[in-house]
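Dear colleague,

Please find the structure below. A short account of the findings follows it.

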Amino acid sequence: MNFIKKPYLLAIDGPAGSGKGTVAKLLSKKLNLNYLDSGAIYRLIALSAMEKKVDLENDKNLVDLIRRVDINFIDDQTFLNNTNVSEKIRYEAVGKNASIIAKHLKLRKEILTFQRNFFQGDGLVAEGRDMTTVVFPNADLKIYLDASVNERAKRRHKQLMLLGKDVSIQNLIDDITARDKLDKERIHSPLSIADDAFVLNSDDLSIDQTVNKILKLI
Ligand code: C5P
């Protein structure tokens, strides 16, 4: 697409399960821009901390750990010290621990430049919790992609059923509510709606409809 000024920066934030990952990835392909899944960075650090048995409450040790690990994103695959961990970082326990370590300001500062460096060439589609507020406050377009807890639990349930895992919807609602609480109520870079962000609710929208709405805004 050549209707956008380049370099272009699109930042998308929203809660877990709002569909922002899928939407951001599709938009980056359509617009031919780089893609940053910032949640994957927190998941990689959490996974590494779990493997190395680093205390998730010890911000200094976590920063030391980050300085020693090698993180790479190659062709939609995620590598930690040259090992492909794309599946592992999606485990429920890793997501929960990612939310725990994400509260540390020192850790968030440590990965700021790493994240900002994804904005190069023709531009970037970045998604996460603080892309619109902290990491890319000057983004060309900011989207807050929301969805109700019930809808997000239903989507997750469908995904898990496809994997042959039957978890009760109520359990999923409880998990999502707990994650939202951690992400929205933490002191540093909580998930919040930037003043200049467009809020979209994806409850009644398909992925394609959401992508098209954002393309119209662009
Ligand atoms: O998006 P995802 O579920 O993969 O993110 C995992 C966790 O990482 C989130 O629950 C959140 O606590 C943290 N995170 C964050 N800031 C971001 C992206 C993710 O704090 N920009």
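How many bridges join S3 to strand S4? Four bridges join these two strands, S4 covering residues 77–80, and they run antiparallel. Two strands count as paired if DSSP finds at least two bridges between them. Helices (H or I, at least four residues) and strands (E, at least two) are DSSP runs numbered from the N terminus.

The model is predicted, so local features need pLDDT of at least 70 and side-chain atom pairs count only at pLDDT 80 or more, while totals for chains, interfaces and linings use all residues. Residues are numbered from 1 along each chain as its sequence is written, and side-chain values use heavy atoms, with hydrogens and water left out.

The open sheet has three strands in the order S3-S4-S5, with antiparallel pairing. Strand S3 (71–74) and strand S5 (83–84) are at the edges with a single partner strand each, so one side of each has no neighbour in the sheet. Ile74 stands opposite Gln77 in S4.

The axes of H2 (residues 38–52) and H3 (residues 59–68) come within 10 Å and cross at roughly 105°. Axes are lines fitted to C-alpha atoms, for helices over the stretch in contact, and angles run from 0 to 180 degrees between N-to-C directions. The two helices, H2 and H3, are therefore roughly perpendicular (65 to 115 degrees). Their contact (heavy atoms within 4.5 Å) involves Ile45, Ser48, Ala49 and Lys52 of H2 and Leu62, Leu65 and Ile66 of H3. H2 also lies across S3 and S4, at about 35° to S4.

Yours sincerely

Definitions and conventions. Angles under 35 degrees count as roughly parallel, over 145 as roughly antiparallel, 65 to 115 as roughly perpendicular and the rest as oblique.
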